[in-house]
Amino acid sequence: MVSVTEEDLQNKSKGELIKLAGQLRDRRNELNQKASKRASKRDDLNAKTREKVDEAQEHREKRDELNEQVQEHKKLRNELNAEANKLFEQVEDRKSDLELDEGKDLEQLKKEIEELEFKQQTEVLSTEDERELIEKIEAKRDEYQSRKGKLEQSDDLEELVEEAEEVRAEASTHHEKVTELADSAQQHHNKMIEAYREADDIRDDADEMHESFVEAQEAADQHHEDFVRVQKRLRELDKKEEKERKSEKAKEREEAKAEAEEIYQQFKEGETLDTEDLMKLQKTGLL
């Protein structure tokens, strides 16, 4: 760093001050170049910061858009699950009404009836035993016919079950979509966080570069101010020298005039003048 004190301005010679002014000018220009480069670098970093912020904002908007879709599919999923639950409740109620969950199926009842009839035909039974056996067979046949009738009434139950399963399947489709969209939204959220982090890092670098720019610019300004001070002092010295030159010339003119007047007086008194004396009279306008 080139510096100048008030003592330097007052005590240094004109030549020394001219040299100092050159040093200040050169250092000022060098610092201005540094400041310009640092400002350009700072501006580049600020532009990159804005790019990262814009990138983060794009991810934020995409995330929010996906989350809205997630909520829409969640709503549809929940509505469909509620509808499926109601349908399955209707199925269970219908089964309960038909008592299809209780007792044996038709094939089992038919097999039991055949076994009882075979026993009746092949075994020798007492009158009492045969009567009991016939009653069992009749009871089984009645149960068979009753259950068969209920099953014939349950055709619409199968349609209800099919409808409930279709609604549940549609709800599952929306649930899969919820999972898919939520995963995608999370990815955009993570990318948003990363972009904001990178923007913060770049912004920190830009702030440091700005501080470096200010430092160089302030130093350049200080060198310029010192350069102006030296230039001002040089102009003062020039004026002083000019004033001294004018004063010296005025003094010389006064001395020449006084000498010429003396020569002129001698001329009037009849003294002979040489060529040099005549030229002095002509120069002062006395001849």
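The following legends describe close-up views of a predicted model.

Residues are numbered from 1 along each chain as its sequence is written, and side-chain values rest on heavy atoms, with hydrogens and water left out. Because the model is predicted, local features require pLDDT of at least 70 and side-chain atom pairs pLDDT 80 or more, whereas totals for chains, interfaces and linings use all residues.

**Figure 1. Overall fold of the protein.** The secondary structure consists of six helices and zero strands, where helices (H or I, at least four residues) and strands (E, at least two) are DSSP runs numbered from the N terminus. Along the sequence the pattern reads α-α-α-α-α-α. Of the 287 residues, 25% count as buried; buried denotes under 20% relative accessible area, exposed over 50%, and partly exposed the range in between (1.4 Å probe, protein chains only). The protein exposes about 20300 Å², of which carbon and sulfur atoms supply 45%; these areas come from the Shrake-Rupley method with a 1.4 Å probe, and for residues only the protein chains shown count as cover. Among contacts (heavy atoms within 4.5 Å) between residues at least 6 apart in sequence, 83% join residues at least 24 apart.

**Figure 2. The largest nonpolar core.** A nonpolar core is a set of buried Ala, Val, Leu, Ile, Met, Phe, Trp, Tyr and Cys residues joined through side-chain atoms within 4.5 Å. The largest one has eleven residues, including Val2, Val4, Leu20, Leu24, Phe227 and Leu237. Helix 2 (14-98) and helix 5 (155-268) each supply at least two residues of this core. Another core, of nine residues, lies apart from it and has Leu87, Val91, Ala164 and Ala171 among its members. Leaving aside residues up to four places away in sequence, Val2 touches Leu20, Gln23, Leu24, Arg27, His223 and Asp226.

**Figure 3. Arginine charges over phenylalanine rings.** A charge sits over a ring if NZ of Lys or CZ of Arg is within 6 Å of the ring centre and within 35 degrees of the ring normal. The charged end of Arg28 sits over the ring of Phe227, 5.1 Å from its centre. Arg42 likewise places its charged end over the ring of Phe213, at 4.8 Å from the centre. Glu225, found in helix 5, is 197 residues from Arg28 in sequence and 9.5 Å from Arg28 in space, C-alpha to C-alpha. Glu225 is partly exposed, with a relative accessible area of 45%.

Figure 4. The structure holds 22 salt bridges, each a side-chain nitrogen of Lys or Arg within 4 Å of a carboxyl oxygen of Asp or Glu. Lys14 pairs with Asp238, the closest N and O atoms being 2.4 Å apart. Because Lys140 belongs to helix 4 (residues 127-152) and Glu112 to helix 3 (residues 106-122), the pair ties together parts 28 residues apart in sequence. Glu112 is buried, at 12% relative accessibility.

Figure 5. The side chains of Asp226 and Arg229 meet in a salt bridge (3.0 Å, N to O). These residues are three apart in helix 5 and therefore separated by about one helical turn. Asp226 is buried, at 4% relative accessibility, whereas Arg229 is partly exposed, at 29%. Salt bridges that share partners join Glu6, Asp226 and Arg229 into one network.
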